[in-house]
Amino acid sequence: MSEVVLRAGGVAARYEVSRDGDAWTVRVGPRTHRLRLTLLESGVALVESDGRTHLLHAAAAGGRTFVHLDGVTLDFEPVRRGGERGGGATDDTGDLRAPMPGVVTQVLVRVGDTVRTGQPLLIVEAMKMEHVVRAGGPGVVRAVRVAAGDQVDGGAVVAELAPVMPGDTP
Amino acid sequence: MRTVLVANRGEIAVRVIGACRELGLRTVAVYADPDRDALYPRLADDRVPLGASDPLDTYLHVGRLLDAARRSGADTVHPGYGFLAESAEFAAAVREAGLVWVGPPADVIARVGDKTEARRLARRAGVPVVAGCDAEETSDADLTAAAGRIGFPLMIKAAAGGGGRGMRRVNEASDLPGALASARREARAAFGRDALLLERHLDEVHHVEVQVLADATGVAMALGERECSVQRRHQKLIEESPSPFVTAELRSQLERAAVAIAETAGYVNAGTVEFLVDADRRWYFLEVNARLQVEHPVTEMVTGVDLVKAQLHLAAGDRLPADGSGRSRAPRARGHAIECRVCAEDAAHGFRPTPGPILALVEPHGPGVRVDSGLRAGWRVPVEYDPMLAKVIAHAATREDAATRMADALGRYVILGCQTNLEFLRAVVRHDAFRDGETTTRFLERHFGAWTGEADGLAAAAAAVLTQVRDAGTAEATAAPGEGGSPAGSPGRDWDPWLRVGPWRMGMSGPPGAHE
């Protein structure tokens, strides 16, 4: 039995994978799947499970793996044993991230500004749509990492906020 | 008419190129830098680079498009939808350059394309309109005053608009200034013009539109309706024909109103008249779309009319078949067609755009399944343009069968590398409320506001097995390099059995037959 950890959408899940001949058993949480896998060609396999056969497509790029089976598409990163990366979730550190890849069209605050919850900080545009990055809580702008006109990747840190704690003088 | 320049990109460029090919016309594609590796430039007979990426410098740049037409010897321009399709200025410039414009004359576009003007036109044709502001009310101060009269909630719309751009719902007066500023910015970026209008917001309605064809002799005909109520961010997501909500009586009322508006406007070529229909089946004129619609295929499937070929015929001066009374008889609709728009967006997180690379692509086909797609494996969906990638259209004898066929087709559509809304679309067409025809404009927020994704059971289990096999293979290959243990013949860090090797069964020690 081996343990496989896959991270998808910021959430890691543990799978117990064991093999008996050409049959595999996968346990995840309370569920157990039994399946057989036949690779047909690069990136295409047949998955037999529960008396039904499904086509599976897979591709990998930049450390991410994509799998499609029966209308479900997964985008995941295998988590290496012994080398697990740090938390990933940075919501409480005050980092503000670009919601999508795009172009920064406006920066509405400067370093040192005090902002309230929901205040628009900057505007990112992609595919002709505006997305407003807002303060998740009250705070002071610690850093602005981008300027208007900059291209940003989805998830890139665009600004940092020092949260104002209850009792702090704003 | 010999050579058609397609002044657009993506799936609609593919669609127009296909229609031209059937008519024996030569085609010219134009492309901005991010579309160099897209599908459509490869399908055209000739292609001209526009040498930039910003829409304003490429697909919205009249001078560059006309220059491309000149350089490629095109005598006709098809604008597709969006971009300059409803630009009277572009239509006029095309005519002045001595080229055929596939669409209504420039003055008709100007008349109906401006939503404020169109409201006036509809009233003249005796068609009811939604309460809103007048043509003279243009400044923020005018609009703010008009808002007091119309009342909240109301809708801000770009006068030049379409596709939900520059559109905002405003619930109270204090939100109006910010919404006006933001709508103006978006309208300017999308249409090059920031004029806005206000209309009362009708809370829960059906969005129903009628397809119209009109020739230069004044003969106009209606080709039935499309129901387009399943929307997010005021953009259509799923359309169908016929509407599950429209009765035969309502259909004939809407068709008569649409033809009256087309005739009053002196309309020529293909166009669409949009209406809002409330729960009591009271209906109001919404706007005229002086172009081909994204959702035109559902009408094509049920009527058998190729609307793009009809556009080209009408632009060449052909007439619609007319009976003795000068009216044209529309073909009888057959069966039911549904269209889903496949978009690069994250339906579980506010439908935010998700541009990215296309690593693998398998598109569904089969009886009654049509895919209008602009995708190609190896191309990267750019950040600069609309997130719509393709449309899946399912046609069957009944609505129920069409919905089932659609769900199956969506499940077989494989796009890897770029996140799409395929799973979301499938969940929608499988939902009981959709099956029951409860397709109002609030359908998605009511039934899918908290949607986070489908259960990924077997797909995730298979992914875990693949990862395990890959890890084991890597370890093996690293431990015994060059011993022939690797079916791929290339041991090392990038060794990846399930993405690279030929047929073999996982769990066996080698390819089939190796250990008999």
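Modeller: B:Met406 touches B:Ile338, B:Cys340, B:Val392, B:Ala394 and B:Val429, leaving aside residues up to four places away in sequence. Touching, or being in contact, is judged on C-beta atoms placed from the backbone, which must lie within 7 Å. The model is a predicted one: local features need pLDDT of at least 70, side-chain atom pairs count only at pLDDT 80 or more, and totals for chains, interfaces and linings use all residues. Residues are numbered from 1 along each chain as its sequence is written, while chains are lettered from A and ligands numbered from 1 in the order in which they are written.

B:Met406 belongs to the largest nonpolar core, which has 160 residues; B:Val212, B:Met406 and B:Ala462 touch the most other members. Helix α16 (residues 457-479) of chain B supplies the largest share of this core, ten residues. Apart from that core lies another, of 20 residues, among them B:Ile156, B:Ala160, B:Val170 and B:Leu198. A nonpolar core here is a set of buried Ala, Val, Leu, Ile, Met, Phe, Trp, Tyr and Cys residues joined through C-beta atoms within 7 Å. Buried means 20 or more other C-beta atoms within 10 Å of a residue's own, exposed means 12 or fewer, and partly exposed is in between.

In chain B, buried residues make up 54% of the 516 residues. The chain has 17 helices and 21 strands; these are DSSP runs numbered from the N terminus, helices being H or I of at least four residues and strands E of at least two. A compact globule of 516 residues would have a radius of gyration near 24 Å, and chain B agrees with its 25 Å. That radius is taken over C-alpha atoms, and the globule rule is 2.2 Å times the number of residues to the power 0.38. Along its principal axes the C-alpha trace of chain B spans about 85 × 50 × 50 Å. Of the contacts in chain B between residues at least 6 apart in sequence, 64% join residues at least 24 apart.

Some helices of chain B show burial in detail. Helix α10 (residues 296-303) of chain B is mostly covered, with seven of its eight residues buried; among them are B:Pro297, B:Val298 and B:Met301. Just after α10(B), B:Gly304 takes a positive phi of about 80°. B:Thr144, in helix α7 (residues 140-150) of chain B, is partly exposed, because 15 other C-beta atoms lie within 10 Å. B:Thr144 and B:Leu176 are 32 residues apart in sequence, and 7.5 Å apart in space from C-alpha to C-alpha.

Chain A remains. Its secondary structure comes to zero helices and 16 strands, and 31% of its 170 residues are buried. The two chains meet where 53 residues of chain A are in contact with 52 residues of chain B. On the chain A side, strand β4 (residues 31-41) of chain A gives the most, with eight residues. The residues on that side divide into 31 nonpolar, 14 polar and eight charged. For this division, Ala, Val, Leu, Ile, Met, Phe, Trp, Tyr, Cys and Pro count as nonpolar, Asp, Glu, Lys and Arg as charged, and the others, Gly among them, as polar.
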